[in-house]
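I opened the notebook to go through this one with you, one entry at a time. Here is the model I was looking at.

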Amino acid sequence: MDKETTKLLVYESIDNREAFEHGSSLLIRKPRSSHKAQMLHSIYHPTTNEITSKKTKRHIAEFGEWKTLNLRQQRRDCEVGLNESFGSEESRERKPRKLQETLNETMMNGFMDLGSKILRVLRSVVHTSCVQNLFKLLLRLLWNLLHLSISIWYLGLGIALILQSYLMSSRLLKKNGVLNLSNLRYLAIVVDSEEARHTLRIVELLCWLSAIGVKHVCLYDMEGVLKESKEVILKELGDVRPLEITDERRLFLERKHIVLEFVSFSDGKEGVAKAASFLCSKYLKGASRGGEQELVFSEPEMTNALRAVGVGGPEPDLLLVYGPTKCHLGFPAWRLRYTEIIHMGSLKSMKYGAIVKSIRKFTMVKQNYGS
Amino acid sequence: MVTLQLPLPTMNNRIFSHFNPKPASCLCRVRNRSRAFPSNKYGIFASWTAADAVFGGKEGTTTTTTKEEERLLPSELQPELMPKHVAVIMDGNVRWARQRNLPSSFGHQAGVKALRDLVDVCCKWEIRVLTVFAFSTENWLRPKLEVGMLMNLFEMVLKEDLENLMRQDVRISVIGDSKKLPKSLQKLKTKVEDTTRNNSGLQLIIAVNYSGQYDIVEACKSIAEKTKDGMIQPNDITEAVIEQELETNCTKFPHPDLLIRTSGEQRISNFLLWQLAYTELAFVKSLWPDFGKADFVDVLCSFQQRQRRYGGRDS
């Protein structure tokens with residue numbers, strides 16, 4: 001075998017890095033494959049940083065091809081060498097199978113070795129930190145782009161709604177036409193107690209409702225701030241009067257003035273407790289005379305009892321909630337059976353257009369009442 | 001895979017509350033959602049099957065099992081802000097069936113499946129009470145055939161699911177006027193309540209033939225009996241006394257933290273009138289059979305956002 005083949009055999013048979021470096025350094029001396037050896041050396045040398053995927057793939061492909069060619073060359077050289085060393089025919093016949101097996105084994109080992117080396121090359125490339133970082137940066141960029149596009153969408157939506165509301169407020173947008181308020185007999189407004197202290201905003205809101213054509217409004221806040229500001233509100237509005245108990249039966253005949261009702265938490269659960277007490281007293285009186293419990297305790301009787309203790313009132317058709325939380329904050333529960341509830345956001349950001357939209361939406365609702 | 005969970009409000013006035021004072025608040029809210037990204041980054045690498053051989057299987061993969069993943073809350077939800085009591089008005093079964101040109105019974109059966117899924121999710125996420133509005137006093141006005149089918153459906157579901165609910169440690173309570181229900185359903189109701197009485201997991205309260213005003217009137221009736229027996233004076237009747245006599249006294253958490261109504265209707269329809277004073281109201285557009293885990297997570301996200309900003313309220 002020539003010197004070149006010997007070196008290659010050394011390289012193939014020992015599978016560790018030192019030997020490979022030894023082998024590659026041997027290979028470097030070979031003028032024919034020096035270019036390839038240098039490339040391989042650059043791949044496997046620990047100090048090398050300039051590795052790109054494309055270059056590496058080409059190197060690997062060339063490396064594989066070069067290895068295959070060299071393995072074939074090895075086989076031919078082995079056969080030649082063996083023929084020279086085992087001169088007699090008898091010997092050749094005695095051990096051809098063993099030699100063949102040895103050759104096959106060498107080939108198999110060679111190919112397996114080739115496969116594991118390719119995998120090692122791939123792993124080392126992929127584990128490179130700059131590629132990982134690049135990948136992570138790319139994903140982050142995609143994520144932020146997605147967030148940005150959705151935020152822009154919502155921003156556009158908000159601007160469109162603000163514009164629509166402004167146009168409605170300035171009466172420029174005529175397409176809304178006249179609202180059909182025949183279904184809206186009683187409107188309730190729930191205001192967060194902190195925001196209810198802004199009396200001027202409440203007055204402005206009531207002016208808008210009056211302009212729209214709403215005639216009967218119930219104002220509620222939990223702590224009774226609106227009740228305290230009642231006089232100021234009535235004075236500011238002018239053509240408005242408070243709801244009186246006797247009005248309730250003739251309430252919806254009133255057309256001239258806006259009728260305002262001021263309600264707080266004490267008219268809710270506490271009011272029901274008072275009405276329960278009223279009914280119990282009535283029952284005890286009736287029981288002594290042999291009366292039936294069912295006659296005293298029924299839903300219509302409860303409504304009458306609430307009116308009797310001064311916390312009665314009509315059931316609102318629509319409830320607008322102004323405040324940060326989407327709940328009715330203890331509005332008299334007995335009156336909320338079939339009331340449409342719409343959360344309007346903060347009182348600071350109230351818009352005329354938003355009220356018109358809510359009332360319009362209410363007029364289009366169809367209630368089945370359970371059927 | 002990375003999932004994008006954003007509260008997507010419908011085009012109504014609620015959008016003002018999301019956008020005020022500036023769009024930057026929306027960005028902050030959206031950026032908060034990206035908290036999901038860091039916790040999922042190894043999940044992203046794990047989903048790249050081609051990378052498994054290269055990375056060698058250790059780096060970038062999560063190892064939780066399917067059951068454990070289901071039990072874990074989504075990353076957008078915080079365990080400490082989960083509502084204890086969720087109430088649901090299951091509206092939209094008949095509309096769902098009509099949209100598909102199916103009889104209404106198909107819609108109600110699809111609604112039962114949605115309820116089963118919700119019960120599973122509530123058990124896993126350790127919500128303490130789930131109240132569902134199955135049948136209102138006004139629903140007797142529906143066609144007799146549909147009402148009969150609904151009563152049979154209730155019986156069938158209670159019988160079939162009892163074993164499964166026992167396995168999940170669910171306690172069942174039925175509220176509403178049971179006197180008008182079929183005798184067989186009344187007996188089954190008593191049996192189911194007795195069988196599950198000692199379960200300590202999720203309490204499932206099913207409101208059948210229930211009305212909020214009826215609940216208050218019945219509470220007043222039982223108080224009246226106590227006043228007749230001299231146990232209490234009429235002048236001593238307070239909100240707390242009424243509270244104890246309502247049908248929701250069967251649970252430690254009688255006030256829902258969150259009410260969900262499906263099908264886009266925005267009213268309470270005579271459900272838990274007394275108990276809903278401080279309940280967050282969530283009106284969802286999807287019909288009840290289509291209400292799934294993703295919708296539930298969206299509603300819970302909005303609930304938790306508001307809880308974080310404004311705190312909870314006690315009655």
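I began just past helix α9(A), where Gly213(A) takes a positive phi of about 115 degrees. This is a predicted model, so I kept to pLDDT of at least 70 for local features and 80 or more for side-chain atom pairs, while totals for chains, interfaces and linings use all residues. Residues are numbered from 1 along each chain as its sequence is written, chains are lettered from A and ligands numbered from 1 in the order written, and side-chain values use heavy atoms, without hydrogens or water.

Next I looked up α9(A) itself, residues 199-212. Helices are DSSP runs of H or I with at least four residues, strands are E runs of at least two, and both are numbered from the N terminus. The 14 residues of α9(A) reach 20 Å from first C-alpha to last, close to the 20 Å expected at 1.5 Å a residue (the expected span is 1.5 Å times one less than the number of residues).

I then checked burial (buried is under 20% relative accessible area, exposed over 50%, partly exposed in between, with a 1.4 Å probe and protein chains only). The buried residues of α9(A) include Ile202(A), Leu205(A), Leu206(A) and Leu209(A). In chain A, 43% of the 371 residues are buried.

My last entry is on rings in chain B. Rings of Phe, Tyr and Trp (its six-membered ring) pair with centres within 6.5 Å; planes under 30 degrees apart are stacked, over 60 edge-to-face, the rest tilted. I found 11 aromatic pairs over all chains. Phe135(B) and Trp140(B) are edge-to-face, at 5.0 Å and 75 degrees.
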